[in-house]
Amino acid sequence: MTPDERKLQAEMDDHLRSHAADLESQGLSPAEAMRQARIAFGSVEAIKEECREQRPGNWLFDLGRDMHYAWRMLRRSPVLAATAVLSLGLGIGANTAIFTLIDCLMLRSLPVERPGELFAVKWQSKKHPDDAVLRFSNGSSSGDKDGNVANYFSLASYGALRGKMQVAGFLEANAASVRVDGPAESAQVQLVSGNYFNMLGVKAYRGRLLLPADDEANSAPVAVVSHRFWRKHQEIVGTNIRINNKDFQVIGVTPPEFFGHEIGTYPDLEIALSKVATMGGPVDERLLPTFWWVKMIGRFPVTPDLGPLNATLVHSFVAVPSSADTTPALRLEPAAQSLSGLRREFSEPLFVLMLMVTLVLFIASANVANLLLARAVAREKEIQIRLALGASAGRLTRQFLAEFLVLSLLGAALSLGIAYVLVQAILPLVPGEGEVTLLDNSPLNLRILGFTTSVSLFTTVLFGLWPARQAARSRLATGSPKRFSGALVVMQVAFTTVLVLGAGFFVQSLRNLNDQPLGFVRERLLLFSVDVLQAGVPAAAAPAFYLELQRRIRELPGVSAASASLVRPMTGGGYYNQIALGNNKFVQSALHPSLPGYQEALGVGLRAGRMLTASDSLDRVVINETLATKIFGQGNAIGGTFEIGGLPPRKMVEVVGVARNARYERIRGEAPGVLYRHLDPATDFRGGALTYVVRTTQDPAKLLPEIRKTASSMNRDMPLVDVRTLEEQVDELLRPERLFALLCGGFAGLALLLAALGLFGVLAYRVNRRQTEIGIRLALGAPRFALWRMVLMEGWRWLAIGTAMGVLAAYQGVTYVQSFIYGLQVAELRNWVAPLATLFLVGTAAVAIPAWRACRVDPMVALRQD
Amino acid sequence: MATTPLLQGTLDMLILQVLSRDPLHGYAISTALQHLSREVLQVQQGSLYPALHRLENRGWLSAEWKESDQGRMSKVYSLTKAGKKQLIDEAANWRRMAAAIELVMA
């Protein structure tokens, strides 16, 4: 006994003896006096326990003891414990997995010094500046509430601004042909200014990184490689490599944790901005003040005064903006949030997923609460004895809570494993380089651990407190726990309804996208890109080279057609130009500048006129139905003429054919107007790859080695980039949707399973408890069918109430969800039938089993129990 | 005479009040409460001792083990400085409340 305990006992003894002494002085015998004193005092143990609870800091010690006790109790019912831990593990695991994704895509800061000071430098104007002011751009501009926001600068404006603020310029990573020792491979090359690494605060892992001197106009060409690239080529530092057929010396390696300044991208190599000629493209034009292509990232410990900087920016435009609305002003966005397109694309779906997994966790926790409640009922006698022996209700409550806590912490531990497996499965499906971003860093960090722990604590309090209090007060015999478990089951069904409905919509939406006709033949079409300029072929020789490659591929056995275009179909991006209709009216058209026979190879049908042939001159074009209607209305398009180009000089062309509508860059939305024309040697061979489309008569994969051999026989420095079948290309395009539908479907399935278990468990338990009653009914002549119906109706009632609540809740979210859905009106109730039918079938199966068991009760056996 | 259960929350104040005269041990506090209230107030030991321990933990009471006349060791409680201040606060509160209730009931 501890000194505290001895003192407590002494105080109680003292009280009893003092009272007894008083009573003796009133004439009672010593024994009787002591007896009376004890009666008056009540339970010594209970009072001692209450006093112990007043001690400060006691709860921590108690918690340890309670958890130890809970652990022992749970080990005595391993099946229950395992079920509960697995339930919670799955529920928390799903949460941890989605949170890990959120963490690595949204919350993780950039792997640089003081990332909070970094800002993406952009500019904005209320209206898009006149074409006279901003002539060519190579970057993205997007409209938002502030008007037009653009992320690119001209070399001149970058030069003017860099002297006045701490910024680094860059050209984001592009594919380039890189030869280290073996054959050329395709790698991502980013161009950065000389101060880039120094400003970010990145230190070399090997050798040195780029310095301002490396960015001088006539400096020696040097390159820095990423840690990932270095792992493939360990001897690379100090050697010469060829990037797009130009010599570069590798001077250093970036550290393992550095993946660039944008989550979702991961350049393999970095070279100086002054070496922009290496990347191909219209080099001379990049130097013009009218060509906008440099992006900037800046470090601003304090917010800079943008006023004078804006004046500098405006002066770097070739013409004075026509009005205040088109006057550009600088805009700073926190780099961590603004640079990554991946973040923008995924923030909403991730939010929906987080909501879904929260519901899954609730469903799982409700199961555990019901399990523990049921067990507490079974332990009611024990509880009453403990209360009688002096256990306080508060103390018992905490003990029950400790059981939930132990289960939930075990579940959390299990969940880390489950989440790890889930994340490994999900990340490869994330577009971009999300997986690299995560896998090169540790997948587990304090934020994730903290999240998981708080989720399990939260669950414990939310779902454990009420049952624990009821159990501790021994109120289980009354109706409220029964209602409570019923309410939990109804809630489970309601949440599951929402999840199953949502998953049904998303899966159907994906199916609709997949089944959407493309307007050309999807099967047996191989795509790959090549860039002969990067392989060292001079621009003047490029057209002939591409034609020769086309000829050689066409001659391969098993190839039925082959052609190439500047635009790869179904990538989510394209090449657009304005078509002038006169009177200052323009329509926008997507372009397919291509080798002869492109329409045939793709399998785009013809509506009227004829397709382009090799002998057609450059001013002959084929347009699709949409574009024909936009330009010529209902009139005849064949033989019609119009001008291509937003600004003069424009180019007059004549229509020789109208093609059927086909998808161009994406499946969603209207099919755009598309113009097919021949490649123009004067403008189309300044950079950028051509994508070949090869129609085969057999499995395209079997032809690939032959095609590779053909290509390298023409130039061994020319890698085939992004080799895919068209089906794979569409899969790639739909990757976010597929990932989303997969996760939603998986979580809905999990929810359905857990809710069915909950429904089954609670009903089965009740049938068990009511065996005696059922036995009596049977003995008194109730038909077995009536008992079957009785249990079935109880289950169905929960199912019906829960489903109704779920449907009502889901209906509230219809408009929000519609934006994610393709080819399906969410508000149309007939689309709700299939998911609800699934739910009803699974629910009924879960209800039918206990009902069946109820009517199989043997009255004699049931009545002999207890 | 019929005994009345204590009003919720008044036990702490009553204990402080009783101890403001003399340091007492637990049993003596309960008999003092009974006597002072002319047998109307009956304190359950089940709440008296936890209350004493609570007040001691809050620093309003201090306790000392002393040998009593019969040679037993008794835990004798006395009011601390903080306890005196607390009593003044609670008593003022109580008077305000009682007066208000009286106004309503009159």
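In chain A, strand β6 (residues 167-179) runs antiparallel to strand β13 (residues 291-299), and 4 bridges join the two. This is a predicted model. Within the pairing of these strands, Phe170(A) has Lys295(A) in β13(A) as its bridge partner. β6(A) is also joined to strand β7 (residues 185-192) of chain A by 7 bridges, again in the antiparallel sense. One bridge pair here is Ala175(A) with Gln188(A) in β7(A). β6(A) and β7(A) make a hairpin, with 5 residues between them. A further antiparallel pairing, of 2 bridges, links β6(A) to β10(A), and Val178(A) stands opposite Ile243(A) in β10(A). Strands of a sheet pair through backbone hydrogen bonds, either parallel or antiparallel.

From β10(A) the chain can be followed into a loop. Asn244(A) lies between β10 (240-243) and β11 (246-253) of chain A, and Asn245(A) lies in the loop between β10 and β11 as well. The phi of Asn244(A) is positive, near 45 degrees, although the residue is not a glycine. Asn245(A), also not a glycine, has a positive phi of about 70 degrees. Most residues other than glycine have a negative phi, and most peptide bonds are trans.

The largest nonpolar core has 231 residues. Val360(A), Phe747(A) and Ala751(A) have the most contacts inside this core. Helix α12 (residues 341-378) of chain A gives the most to the core, with 18 residues. Which residues does Ala751(A) touch, leaving aside its neighbours within four places in sequence? They are Leu359(A), Val360(A), Ile363(A), Phe495(A), Thr496(A) and Leu499(A). In soluble globular proteins, nonpolar side chains tend to be buried together.

Chain B has 4 helices and 3 strands, and from the N terminus on its elements run α-β-α-α-β-β-α. Its C-alpha trace spans about 50 × 35 × 20 Å along the principal axes. Of the 106 residues of chain B, 28% count as buried. Among contacts in chain B with a separation of 6 or more, 52% join residues 24 or more positions apart.

The 3 strands of chain B form an open sheet in the order β1-β3-β2, with antiparallel pairing. β1 and β2 of chain B are the edge strands, each pairing on one side only. Between β2(B) and β3(B) there are 7 bridges in the antiparallel sense, and Glu64(B) stands opposite Val76(B) in β3(B). Helix α1(B) packs on this sheet, where it touches β1, β2 and β3 of chain B. The direction of α1(B) makes about 100 degrees with that of β3(B).

Which residues of helix α1 (residues 11-19) of chain B are buried? They are Leu11(B), Leu14(B), Ile15(B), Leu16(B), Val18(B) and Leu19(B). An α-helix has 3.6 residues a turn, so residues three or four places apart point the same way. The buried residues of α1(B) pack against β1 (24-25), α2 (26-36), α3 (45-57), β2 (61-67), β3 (73-79) and α4 (81-105) of chain B.

One of these partners, α3(B), has 13 residues and reaches 18 Å from its first C-alpha to its last, close to the 18 Å expected at 1.5 Å a residue. Its buried residues include Leu48(B), Tyr49(B), Pro50(B), Ala51(B), Leu52(B) and Leu55(B); Gln45(B), His53(B) and Arg54(B) are buried as well. Just after α3(B), Gly59(B) takes a positive phi of about 85 degrees.

The last step is the contact between the chains. Here 17 residues of chain A are in contact with 15 residues of chain B. On the side of chain A that touches chain B, the elements giving two or more residues are α1 (3-25) and α3 (44-53) of chain A. α1(A) gives the most to that side, with 8 residues. By class, the side of chain A that touches chain B has 7 nonpolar, 5 polar and 5 charged residues.

Conventions
Residues numbered from 1 in each chain as written. Chains lettered and ligands numbered in written order. Predicted model: local features only at pLDDT ≥ 70, side-chain atom pairs only at ≥ 80, totals over all residues. Contact = placed C-beta atoms within 7 Å. Nonpolar A, V, L, I, M, F, W, Y, C, P; charged D, E, K, R; others polar. Buried ≥ 20, exposed ≤ 12 C-beta atoms within 10 Å, placed from the backbone. Core = buried A, V, L, I, M, F, W, Y, C linked by C-beta atoms within 7 Å. Pairing = 2+ DSSP bridges. Axes fitted to C-alpha atoms, helices over the stretch in contact; angles between N-to-C directions. Expected span 1.5 Å × (residues − 1).
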